[in-house]
Amino acid sequence: MSLKKTKLPSEFYAHMKKYHDLMTNKVREVLFVSSPYDAFIMEEDSSMSSKIINEYKGLNLSQPPRLTRTPSGQEALSLLDTRDFDMVITTLHLAEMDAYTLGLKIKEKHKDIPVVLLAHSVKGVHPLPENKDCSGIDKVFIWSGNADLLLSIIKLTEDRMNVDHDTRKSSSRVLILVEDNPVYYSSFLPIIYKEIVKQTQSVLEAGLNEDHRLLIMRTRPKILLANTYEEAVSLFQKYRPFLFNIISDTRIPRKGEIDPHAGFDFLTMVRKKIPDLPLLMMSCETCNREKSENVPAIFLDKNSPHLYFELHDFFLTYLGFGEFIFRMPDGTEIGRASNLRELEIKIAEIPDESLFYHSERNHFSSWVMSRAEVSLASAFRAFSVSDFEDADELRQYIASNIHALRAWRQKGIVSKFHRSHFDADIREFVKIGQGSLGGKARGLAFLSYLLHQHADIHKKFSDINIKIPKTMVICTDGFQDFVEKNNLRKYSYDGYTDDEVAQAFLDSKMPKWLKEDLESYLAQINYPLSIRSSSLLEDSQFQPYAGLYQTYMIPNNHPDLSVRLSHLIKSVKLVYASAYYEDPKAFSKNTSNQLQEEAMAVIVQEVVGDTYGDYYYPAVSGVAQSHNFYPVSYMKPEDGIAHIALGLGKTVVEGGKTLRFSPKHPNVLPQFSLVEDILKNAQRNFYALKINNYPDKLKFKNYSNLEKRDVDDAENEFPVKKMAGTYIPDENRIRDTWYVPGPKILTFAQVLKYNLIPLPEVLSDLIELGRKGMGCPIEIEFAVNLYSDKKQKGDLILLQIRPMVADEEQLDVQITKQDIENAFCRSSRALGNGKNETMADIVYVKPDDFSVESTVQIAEEINQMNRRLQEEKRPYLLVGPGRWGSSDRWLGIPVEWRYISGVGAIIELRNDMLKADPSQGSHFFQNITSLGIHYITVTEVTEKKENTESDFLDWEWINALPVLSESTFLRHVRLEKPMTLKINGRNAMCVITA
């Protein structure tokens with residue numbers, strides 16, 4: 001058997017979704033019928049309800065049942081007619097009728113309700129009286145004052161109700177107890193249940209969150225009670241594939257008579273059919289010890305004063321709940337493993353003889369089974385050692401599947417970071433602290449959950465790995481502790497520059513607990529890290545503070561751990577500081593949020609990419625949105641839009657040169673319509689992280705430790721070879737290959753045209769999945785890794801999901817023909833919906849004085865103008881060329897949010913001087929639309945068109961307005977009355993009239 005054939009597919013492994021379907025039948029309502037005296041005796045120290053609740057709490061079990069008590073059989077029957085009960089517990093002596101009569105009357109109308117008789121002694125109940133019809137009683141138990149018995153009765157009933165479904169659904173394990181004497185099984189069952197529950201809880205991996213631990217508890221072995229030989233054989237035959245253990249008395253009824261050999265015969269039969277099943281013989285006759293050796297089975301004396309401890313040892317030693325003890329064939333101990341991680345490590349180290357010894361006896365299967373990993377345990381039990389060519393193949397099979405299981409269990413969940421047993425190799429998403437994850441991290445966790453819940457997407461696109469990056473989140477309590485202990489809250493108010501805030505945070509001490517956790521984390525992590533903000537307000541549904549906070553990247557490969565730790569701590573401090581920078585303060589003033597209430601979580605995330613010389617970057621980064629504000633050709637808004645670029649995502653989210661395409665129509669590329677368009681619009685530079693030959697003190701102010709590289713400088717690096725075509729000047733054409741002489745041009749043709757990876761198709765499915773999952777339009781940030789080894793699949797790594805503000809308001813805006821004729825501004829590409837009559841001021845960049853080289857100075861002049869108008873509380877219309885908010889000064893005016901925080905509407909001009917594509921992929925754009933600020937794109941043309949509905953801005957009329965102020969590049973004019981701005985969100989039409 002080759003390893004390829006035996007390797008388990010990931011979907012085979014147990015995952016959290018199926019646990020929801022287990023133990024669906026619960027005992028939630030119990031009717032307890034007892035005489036006042038019996039109730040008094042049983043409730044001497046506390047009520048029966050309290051006893052049940054305390055037992056559930058003591059074992060950390062959920063949903064204790066509600067108990068209703070009545071002293072009367074007749075009243076019990078009346079209650080059953082008017083209310084739903086899952087179970088009836090009755091004592092023997094009742095005023096109007098005995099328990100047997102009550103049981104019969106109950107079964108007449110409610111045959112499926114289990115009826116349990118609870119007696120103080122065996123007298124009159126064992127054996128059941130022959131002169132009475134006892135068929136209305138399902139089981140008899142003896143009360144000895146042990147409240148554990150109540151839990152056992154309820155759980156035994158639930159196990160009977162669920163065993164058929166749960167074994168069929170998830171191969172749940174089954175333990176059969178064969179005992180006819182109610183005194184003994186009333187004593188044994190509480191011991192067995194408590195041991196099963198406690199041991200199952202003790203072996204659950206600490207990394208699981210509490211919800212998942214409770215769900216996995218549903219997979220604990222079901223316990224079934226057999227009172228006769230025939231019943232035991234029937235249960236064995238029915239549940240043989242799922243048996244976990246059998247515990248049997250020797251003296252049990254067979255053919256209606258007590259047979260002292262029946263238990264021995266039963267266990268002997270079982271041993272022949274399942275040689276490796278753990279068997280336990282229990283008897284009060286010590287002479288049966290010899291019989292147990294002939295089975296063979298473990299023997300315990302029922303009368304032993306140490307029976308509880310002996311049962312405990314049996315569970316640990318033979319049922320796999322304790323440590324896995326590695327032994328040689330002669331029994332010599334050579335090692336131990338207490339969890340799956342240690343088991344995986346040890347399997348790689350043990351001698352071949354030990355590996356074969358344990359494999360042949362199904363020890364690995366039993367031990368894994370006790371950890372509720374039914375699928376893997378079943379697979380281990382199914383193989384034979386002879387299926388493998390040699391010990392190495394067997395060893396690889398066992399170790400690789402344990403590793404895959406450990407990794408699969410972590411998908412879709414956020415586990416808590418523990419210094420003592422953190423395993424960076426399999427932990428996909430961990431958190432430090434007890435507070436909130438913040439908005440961005442919540443979105444990332446939701447992405448992880450979606451990918452785990454919709455495993456079919458992995459099957460559909462099996463030639464690419466779709467995942468999230470390895471992530472650690474410092475919860476908001478880290479920020480709060482840091483701010484409070486260092487008295488930094490004052491910086492949340494106005495009056496401090498960004499530099500002053502940053503320095504105050506850098507000069508402050510990180511809490512000791514957080515520093516120690518970060519050091520422990522870094523000790524296992526050696527890949528480049530991105531340190532990102534995740535504030536409580538960030539990426540919220542209606543006010544996403546997108547891009548207002550800082551992100552830093554560090555190489556994290558210095559040989560000295562203390563240097564790496566200093567880089568990480570400095571990055572975290574600066575992300576914390578950005579919560580109190582001027583841009584978030586300005587943005588908050590436009591919302592109802594108080595910045596003093598802000599709390600910042602921090603995402604420490606694996607940087608997506610690969611090493612190319614001294615640099616680290618991905619082949620592609622991008623943003624995909626489920627709503628396209630600017631559909632062209634036969635695109636539809638709901639088809640979505642994607643923006644991609646070479647290198648790290650700073651180019652995309654800050655509005656640099658990117659390639660725009662619809663995932664539904666990847667060959668429709670308006671930017672690349674002609675060869676001249678491609679040469680003009682193709683990406684010329686990109687961002688990468690320098691990971692070699694960097695100074696110990698990183699350049700935190702220069703592109704957040706990134707370097708801006710020219711594409712030409714990287715033309716021999718693998719991503720450029722794959723993403724670039726070649727311009728042939730003599731032919732004035734671009735060939736879709738790197739491997740011919742000539743200038744290299746980034747066209748991404750291998751992805752969009754030749755399907756190197758199915759990126760458009762995957763993005764189309766993902767944005768639809770995200771839209772349905774969040775219930776609104778969304779955008780996803782992503783990155784792609786490609787590998788020169790053709791055998792290695794590419795990676796599509798999802799970095800973030802957040803809501804878009806694209807829903808049309810319910811206001812029906814009518815734009816009339818008269819509006820169009822009277823408008824001084826018309827546009828066919830406007831964002832928003834509604835009517836604005838609050839603006840009488842226009843601030844515009846003077847067309848005759850504009851130059852691309854001056855965009856930085858223009859941004860500063862806008863900042864000064866904005867301050868004055870904001871102080872006067874006058875919203876204004878801002879007009880200028882190119883992409884507003886772009887970090888690339890050659891594509892537009894690089895204003896920051898605070899520079900235009902008082903704006904009422906914005907016009908983006910596309911003309912011959914600056915014909916940049918619309919800026920819908922940027923953070924700046926997200927914040928504009930989230931605040932409901934109308935955003936109008938006007939495409940100016942040099943030739944006069946007859947179509948009166950084409951884009952138009954009446955410069956002659958604007959220039960004739962009274963001038964209030966003027967600077968080198970700006971002019972501020974004011975109307976006598978507020979202008980009227982109308983946008984019809986359904987067709988993106990806009991008019992502005994005066």
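Q: Before we start, when do two strands pair?
A: Two strands count as paired if DSSP finds at least two bridges between them.

Q: Good. Which strands form the open sheet with parallel pairing?
A: This is a predicted model. In it, 5 strands form an open sheet, in the order β2-β1-β3-β4-β5, and the pairing is parallel.

Q: Which strands sit at the edges there?
A: The edge strands are β2 (66–70) and β5 (139–142). Each of them pairs on one side only.

Q: How many degrees is the twist?
A: From one strand to the next, the twist averages 25 degrees.

Q: Take β1 and β3. How many bridges join them?
A: Strand β1 (residues 29–33) and strand β3 (residues 87–91) run parallel and are joined by 4 bridges. Phenylalanine 32 has isoleucine 89 as its bridge partner in β3.

Q: What lies across β1, β3 and β4?
A: Helix α6 does, and its direction makes about 170 degrees with β4 (115–119).

Q: What about α5 and α6, at what angle do they pack?
A: Helix α5 (residues 73–82) and helix α6 (residues 99–109) pack at about 15 degrees, with their axes 11 Å apart. They are therefore roughly parallel to each other. Their crossing is right-handed.

Q: Which residues meet there?
A: From α5 come Gly73, Leu77, Leu80 and Asp81. They meet Leu102, Lys105, Ile106 and Lys109 in α6.

Q: Let me zoom out. How many helices and strands does the protein chain have?
A: The chain has 34 helices and 45 strands. Of its 994 residues, 60% count as buried.

Q: And what share of contacts joins residues at least 24 apart?
A: Taking contacts between residues at least 6 apart in sequence, 72% join residues at least 24 apart.

Q: Now the cores. How many residues are in the largest nonpolar core?
A: The largest one has 90 residues, and Leu343 and Ile398 have the most contacts inside it. A second, separate core has 72 residues, including Ala441, Leu444, Leu447 and Ile778.

Q: What is leucine 343 in contact with?
A: Neighbours within four places in sequence aside, leucine 343 is in contact with Phe324, Phe326, Ala337, Phe364, Trp367, Val368 and Ile402.

Q: Back to sheets. What is the order in the open sheet of 6 strands?
A: The order is β17-β33-β32-β24-β25-β26, and the pairing is mixed.

Q: Why is one side of β17 and of β26 left without a neighbour in the sheet?
A: Both β17 (464–467) and β26 (659–661) stand at the edges with a single partner strand each, so one side of each lacks a neighbour in the sheet. The twist averages 20 degrees from one strand to the next.

Q: In what sense do β24 and β32 pair?
A: Strand β24 (residues 620–625) and strand β32 (residues 778–785) pair in the antiparallel sense, over 6 bridges. Glutamine 625 stands opposite glutamate 779 in β32.

Q: Which helix lies across β17 and β33?
A: Helix α19 (residues 438–453) does, running at about 130 degrees to β33 (794–803). Helix α30 (residues 759–774) also packs on the sheet, touching β17, β24, β25 (641–645), β26, β32 and β33. The direction of α30 makes about 145 degrees with that of β32.

Q: New topic: how do α22 and α24 cross?
A: The axes of helix α22 (residues 498–506) and helix α24 (residues 561–578) come within 9 Å and cross at roughly 135 degrees. The two helices are therefore oblique to each other. Their crossing is right-handed.

Q: Which residues of α22 meet α24?
A: Val501, Ala502, Phe505 and Leu506 do. In α24 they meet Lys570, Lys573, Leu574, Tyr576 and Ala577.

Q: Last stop, β39. How many of its residues are buried?
A: For strand β39 (residues 903–910), 8 of the 8 residues are buried, so the strand is largely enclosed by the rest of the structure.

Q: What does β39 run parallel to?
A: Strand β38 (residues 876–881) runs parallel to β39, joined by 6 bridges. Strand β40 (residues 934–939) also runs parallel to β39, with 6 bridges. Tyrosine 876 has valine 903 as its bridge partner in β39. Glutamate 908 stands opposite threonine 937 in β40.

Q: And isoleucine 907, buried or exposed?
A: Isoleucine 907 lies in β39. This residue is buried, with a relative accessible area of 0%.

Q: How many residues separate isoleucine 907 and leucine 878 in sequence?
A: They are 29 residues apart in sequence, and 6.1 Å apart in space, C-alpha to C-alpha. Leaving aside neighbours within four places in sequence, the contacts of isoleucine 907 include Leu878, Trp884, Ile936 and Ile992.

Key:
Residues are numbered from 1 along each chain as its sequence is written. This is a predicted model: local features need pLDDT of at least 70, side-chain atom pairs count only at pLDDT 80 or more; totals for chains, interfaces and linings use all residues. Side-chain values use heavy atoms; hydrogens and water are left out. A nonpolar core is a set of buried Ala, Val, Leu, Ile, Met, Phe, Trp, Tyr and Cys residues joined through side-chain atoms within 4.5 Å. Buried means under 20% relative accessible area, exposed over 50%, partly exposed in between (1.4 Å probe, protein chains only). Contact means heavy atoms within 4.5 Å. Axes are lines fitted to C-alpha atoms, for helices over the stretch in contact, and angles run from 0 to 180 degrees between N-to-C directions. Angles under 35 degrees count as roughly parallel, over 145 as roughly antiparallel, 65 to 115 as roughly perpendicular and the rest as oblique. A crossing is left-handed if the near helix is turned anticlockwise from the far one by less than a right angle, and right-handed if clockwise.
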